[in-house]
Amino acid sequence: MLTLIFSKEYLQMPRESIRSVVLSAEKDAVKRFLSHVHQSWNQLQVETIQVSPKEQEAMETMTAAFIHKFPRVTPELFIDLSQFIPYMSVSDIMTFPASLMVNESVLMAIRDHSSEMKSPQKQAFVKRLLQSSEAGDVPSWPPLFLSSILPLLPHLPVSHFQLLTSQQLTPLIEMLGNSSLDATRGHHVLRTVFGRGKNLTSDNITRLGVLICYLNSEDLQQLLSSSNLSPVLWQQLARCVSEGHVSGSGRLSHWLGTALKSLNASILSASAMASLHGMLPEMGATFLDPLSSNELLDLVTLPGMPTFPPAQAFQILNKIAEETNFSANTLCRLKPLFPGLGPSFLRKLVVPESALDCRCWSLLLSDLQPAHRAMVHSALQQALERTSANITQQLQCLLPFISLRKLMSDLNGETVLQHLSLYKHMPWSHQQAQMLFRMIQRTVNITRQSLLDLGRIAGGMSCEWLKLWVNESGFSELLQFITKLPGGLRPGLRKCIVVELRKRPDIDLNTLDSSFAARLPLTMMEHLSNSSLISVLDNVRQHFIDFLQLPRHKQTALAEKAINVHGISEDGLTGAFMDMLGPLLPFLDRDVLARIDREALKLRLEELKQYCLPSDTFRQISALLTEKSMLGEPKTWTVGDVEHVGRLLFTLSPQQIKSLPLGDLGRDTVEEVLMSQWRWKNSEVGKACSDLNGLREKMNGLIHRIIKGRWWMRRGPIPSCADIKGTFPSAWRSYQLNRMKRKELKTCVEFIGQDDTLDAEQREALWMELRPVYKPVKQLKPEQVLELGCIVTEMGERELQAVNLSSLAVVAHLGNLNGWNAKKMRAVVLGIMKRLKQKPEELDVVELVSLGHLLCGFSSSEISRLDPFNLSVAALFLGEMVLPCSEQQTEALTSRLSSPLGFGPVSSWGSEVFTEIGTLAAGLEDMVLSALIKEQVEGLTPTAITLIPPRKMAVVFSATQLSWLSSEQACAVTEEQWAELDSEQRQALGMAQYEGELMLEHRGRNQAPSLRFASSFTKCLLLFVCTLWILL
């Protein structure tokens, strides 16, 4: 019976069915069942790790039903439920009696299952423990009790962890050394147990375990300067980097890399090399020279391998390619080496007889920068052409990444219909789906019924086609199908559907897919039921990156909907309510945030550090952090306080940051704060979240407090390579950088060259100092050019022409750099064309995309000679870049795209072409832009709109054209563009952003089309209100 219940078939049942089965059973029967399950669990062989998402969901539903069956969970019942701990929800854990958390048997059960638990579950158990009056205050917890909750200690809120005393922590050192403590807690343990200036003995070192990662810099330098560095010690320190406890590009990794340079990779065991994997970029490509091609391949494809800088990646890839052919699927595992990709390496690519891993390839091609994506795509196409196997299945990996121009020449309606069973399921881009829909529509008549057979291609329908069915009886069912299509809808089609829905108030909005409903205008969202809103909010949490792309007013509205739906009182946000809101918390209105429970917030600062913070909430968050009940004035903050807030420190004003007692904090603390910001920025949410306003200035302000030197040292201290890695290169003045010891600078050049925020003065100072090391430039190897990174932009024009730039790997790297001036771009292009021995019209697609920004080194007349077909194919990749071309050059590029061998005259372009060419559309001539029709305007990408010169936008776009913009497009308009618009244009733009409605429900809050030009829009909004009043 038990085996049947936990069988895969049972776990495939609908969630509501599982829940009803449990809740309809007698309590005593359920108790007996749970007791029997507990005793028989090992025999059942239920896997808690290797389960499918569907089975995981079923187990979570079953667990919640068991818990809800009993109003109060006793220790005995909890023990019987213990095998379900990995499936318990945070909200259910928080309902357990607080007294339960001090029961010895309960704590033992939690400890036994801790390895299967997720961090939020452990955090919930700890929070519940802290609510127990029987547990007492943290400083009163005896060592025996602390050891019983050891798996939960790393999740004890920092504000409470920092209350643990030396007497409590000393007996636990070895156990804590084997735990997963983070830097903030690890630093507290070391400060508390060993204090400052107390020498660590060799016995202490061996007991520290993971805590060794958090030693202060003086102790670490002393350890690493020892002439007989023990393998046990360096392997433990290397694990600090490999496991992510310490930055792979900070001071510790630099010192450790220097200390390990004498190691010989050829005699190290496989396990020793694996333990070093996080350190390999720091140790350099030369360290790996003794390894064979196959050994290198095995090493760099290890899980968790960090990304190598371009020069090292280029060298390692060439070494692999010398002796080894590699499969397309293997390339997917070489992500750490992608910065060094080039056609010479990719020529060794072979296609296996077995099918490609399309999921791998989709992620791979999506992650690559445009030039590398073009190279890989081209190489894979060529490899497929060389194989004799049936390549239909392999092609499906590539087709969704093929340019529109290639689709236009290679496919037609008949071909698409012939292979519809394959094409209908492919993850086409919005513009591809539009083109394919047009092809089919030109071949056959698409009916409402036949549309259902098109699968994802159906998302390419035009607004005109949709309107044909508005008054049909099956329109509601048609909308359900469209809104549930994977990949979402393009903004133009979504806007079209919204307009038609407003004409059909009889259609139930609750039948629409939750991902579509999340983007409805706010007044339409008011018609959704509570259950629909809950589904919308669930969708938002599951696809939070999509939420971050929404206009700010919609983000706030959805966050406030969460408050209403969950019955949260705005009078005071408790800890439980904060947990329910999760990452939506910072998007609440400022008035609501002001009423947050301070003590509960203090317990959740670590969660807040992981959230995306809208820039308009900084002042509110800063005010909360600096209240007396929280951390107080920044000038009184301790090292522990600064470590606790981490990246939240940058919500403070520059004046508050300046008041921090940095003399007491030291470089270790500043480095940790910076690293917390870098780590977060490299996370999925961090990449999607807009940068904090004034972040760079605040970081510089923080760093300059510790590196400016004494007042009489006007020129400031001279940095070492370790100093630069403990901060970041652009934080140092040009006169400090050019006074570095040449040996230190040469050691650090690869790291410095990757900082694209260095200004021209800093780059020039660095090149003046490095020029003697790299001369003569005409003999520079490709890896040396890559090593210099952005510093190359400050070479002289003659030097740039002399450098050998025949390698497309190098060209792609230079073409991705910012900071070029027109003369130097011209010099580079002349040098490249001389080496390639080609004319502009002979450049192929990969060469065009690799040139990237350097295309602006061609004159307008040379651009007018580029091959229009190749340029149209390359537009898919070039359209993601912001080319630093003059207006004449961009017009020459778009003129080439509109030639007969390109996309044809602009008047014939559908919106899909404008989407395809992306940023290049900003270069269209004034007359062309002013003649765009509604469908074409809908295809302009938000980035392209941002790049249109302000005066040009005001001249070419009428108020009518601006009213055609989607909300996302309207939000992309910059402050400078807004300033050039007249009142009628501004009114149209405001209406576009808010989708034709006023923000009445927000009582005048957040009424700017962008926070950057709020005051201007307020005037326009008043004008709009007055106009409406007159009309009414």
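A residue is termed buried under 20% relative accessible area, exposed over 50% and partly exposed in between, as computed with a 1.4 Å probe on protein chains only. The structure is a predicted model, in which local features require pLDDT of at least 70 and side-chain atom pairs count only at pLDDT 80 or more, whereas totals for chains, interfaces and linings use all residues. Residues are numbered from 1 along each chain as its sequence is written, and side-chain values use heavy atoms, with hydrogens and water left out.

By the burial criterion, C790 counts as buried because its relative accessibility is 5%. The cysteine sulfur closest to that of C790 belongs to C748, and the separation of 13 Å is too far for a bond. C971, with a relative accessible area of 19%, is likewise buried.

A disulfide is a covalent bond between the sulfur atoms of two cysteines. Here a disulfide was assigned to a pair of cysteine sulfur atoms within 2.5 Å, and the count by this rule comes to five. Three of these links, C213 to C240, C463 to C496 and C856 to C885, are described below.

In the link between C213 and C240, the S to S distance is 2.0 Å. The value about the S-S bond is -85 degrees, and the link of C213 and C240 is left-handed.

The sulfur atoms of C463 and C496 are 2.0 Å apart. This disulfide is right-handed, because the torsion about the S-S bond of C463 and C496 is about 80 degrees. Distant parts of the chain are linked by the pair, with C463 in helix α33 (residues 463-467) and C496 in helix α35 (residues 491-503), 33 residues apart. C463 and C496 are both buried.

For C856 and C885, the S to S distance is 1.9 Å. The torsion about their S-S bond is about -85 degrees, so the disulfide of C856 and C885 is left-handed. C856 occupies the loop between α59 (845-851) and α60 (860-863), while C885 occupies the loop between α61 (868-878) and α62 (887-897); the pair therefore ties together parts that are 29 residues apart in sequence. C856 and C885 are both buried.

Technical notes:
Helices (H or I, at least four residues) and strands (E, at least two) are DSSP runs, numbered from the N terminus.
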